[in-house]
Amino acid sequence: MPSNEQLRELLDPRSTVLLTVECQQGVVGTDSALPELAEEARRSGALAHVARLVAAAHDSGVQVIHAIAERRPDGRGANRNARLFRAAERLPVQQLSGTGAVRVAAPIEVREEDLVVRRLHGLSPIQGTDVDPLLRNLGCRTLVVTGVSANVAVPNAVFDAVNRGYHVVVPADAIAGVPSDYTSAMIRNTLALVATVASTADVLDCLARRRGPAAPEFTPA
């Protein structure tokens, strides 16, 4: 774990963005297409920790981006080049654009100033989406990655952010995957090698100590 001083240096509200990954009704909600993952996100406290981090980000002026995975009803543009995608097509709950399944799940609060980025393809919340240009326009230096799953989308987000030059902070208790012990193994053996791993409590403490103005708005040249 990093020292409090190191973490506070990374989590300057003016240059920090909080990303929630696939924290949507159809994934972690009560009517999830993936009930085992939804149960783990709630049982472990990860979803509640994400909600606490989002609330703290709102209070401290840290920009929040919600990354949502969805599909068109006709499936146009969606990937079919992996078993995961083909299995998703057969699930009883579909992440269809415009439906309740792709709304951010409770207890996470979405405010007017939050950005919601929706993707129709791929595994990553960052690659091929608007997230990276938004981060650059927001003056982001550090990206805090939360959500699901530790199996696929979260490591994709971490790797893509690191490859693009951002510092990444992963609150270990604010991500979830299945089976339950996989998340700790992923954090210990993979994510800790490329990201700063902390606890939700540590991140909350840093944000509380470093309350400041919201990140400056981007002004075109």
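**Ground rules**

I count residues from 1 along each chain as its sequence is written, and for side-chain values I use heavy atoms, with hydrogens and water left out. As the model is predicted, I take local features only at pLDDT of at least 70 and side-chain atom pairs only at pLDDT 80 or more, while totals for chains, interfaces and linings use all residues.

**Entry 1: the largest pocket**

I started with the open space. A pocket here is an open set of points on a 1 Å grid over the protein atoms alone, with protein on both sides within 12 Å along at least five of seven lines; a cavity is a set of points where a 1.4 Å probe fits but cannot get out, and lining residues have an atom within 4 Å of a point. Grid points are joined across faces, edges and corners, and a volume is the space filled by probe spheres set on the points.

The largest pocket holds about 760 Å³ of space. I found 31 residues in its lining, and Glu22, Leu34, Leu84, Ala88 and Leu91 are the closest to the centre.

Which elements supply the lining? I name helices (H or I, at least four residues) and strands (E, at least two) from DSSP runs, numbered from the N terminus. Helices H2 (25-28), H3 (35-43) and H5 (83-88) each supply at least two lining residues, and H5 has the largest share, with 4 residues.

For classes, I count Ala, Val, Leu, Ile, Met, Phe, Trp, Tyr, Cys and Pro as nonpolar, Asp, Glu, Lys and Arg as charged, and the others, Gly among them, as polar. The pocket lining then has 18 nonpolar, 8 polar and 5 charged residues.

**Entry 2: Glu22, beside the pocket centre list**

I went back to Glu22, one of the residues closest to the centre of the largest pocket. Glu22 sits in the loop between strand E1 (16-21) and H2. Its phi is positive, about 55°, although Glu22 is not a glycine.

Is Glu22 buried or exposed? I use buried for under 20% relative accessible area, exposed for over 50% and partly exposed for in between (1.4 Å probe, protein chains only). With a relative accessible area of 13%, Glu22 is buried.

Next I looked up E5 (residues 167-171). Because 4 of its 5 residues are buried, E5 is largely enclosed by the rest of the structure.

I call two strands paired if DSSP finds at least two bridges between them. E5 runs parallel to E4 (residues 142-148), with 3 bridges joining them. Thr142 has His167 in E5 as its bridge partner. From E4 the chain crosses through helix H7 (residues 153-163) to E5, and this β-α-β crossover is right-handed; that is, with the strands pointing away from the viewer, the path from the first strand over the helix to the second runs clockwise.

E5 also runs parallel to E7 (residues 196-198), again through 3 bridges. There, Pro171 stands opposite Ala198 in E7.

**Entry 3: the nonpolar core**

A nonpolar core is a set of buried Ala, Val, Leu, Ile, Met, Phe, Trp, Tyr and Cys residues joined through side-chain atoms within 4.5 Å. The largest one has 34 residues, and Leu11, Leu18, Val28, Ile108, Val148, Val169 and Val203 touch the most other members. Which element gives the most to this core? H4 does, with 8 residues.

**Entry 4: the cavity**

I counted 1 cavity of 30 Å³ or more. The largest cavity holds about 40 Å³ of space. Leu11, Thr16, Leu18, Leu53, Val62, Val144, Val203 and Leu207 line it, and the elements giving two or more of these residues are E1 and H9. By class, the lining has 7 nonpolar, 1 polar and no charged residues.

**Entry 5: two cis peptide bonds**

Where are the cis bonds that I noted? One runs from Val148 to Ser149, with omega near -10°, and Ser149 lies in the loop between E4 and H7. Another runs from Val178 to Pro179, with omega near -5°. Pro179 is in the loop between strand E6 (175-176) and helix H8 (180-194).

Ser180 is in H8 and, at 40% relative accessibility, counts as partly exposed. Its C-alpha is 9.3 Å from that of Ala41, 139 residues away along the chain.

Arg42 is in H3 and, at 37% relative accessibility, is partly exposed too.
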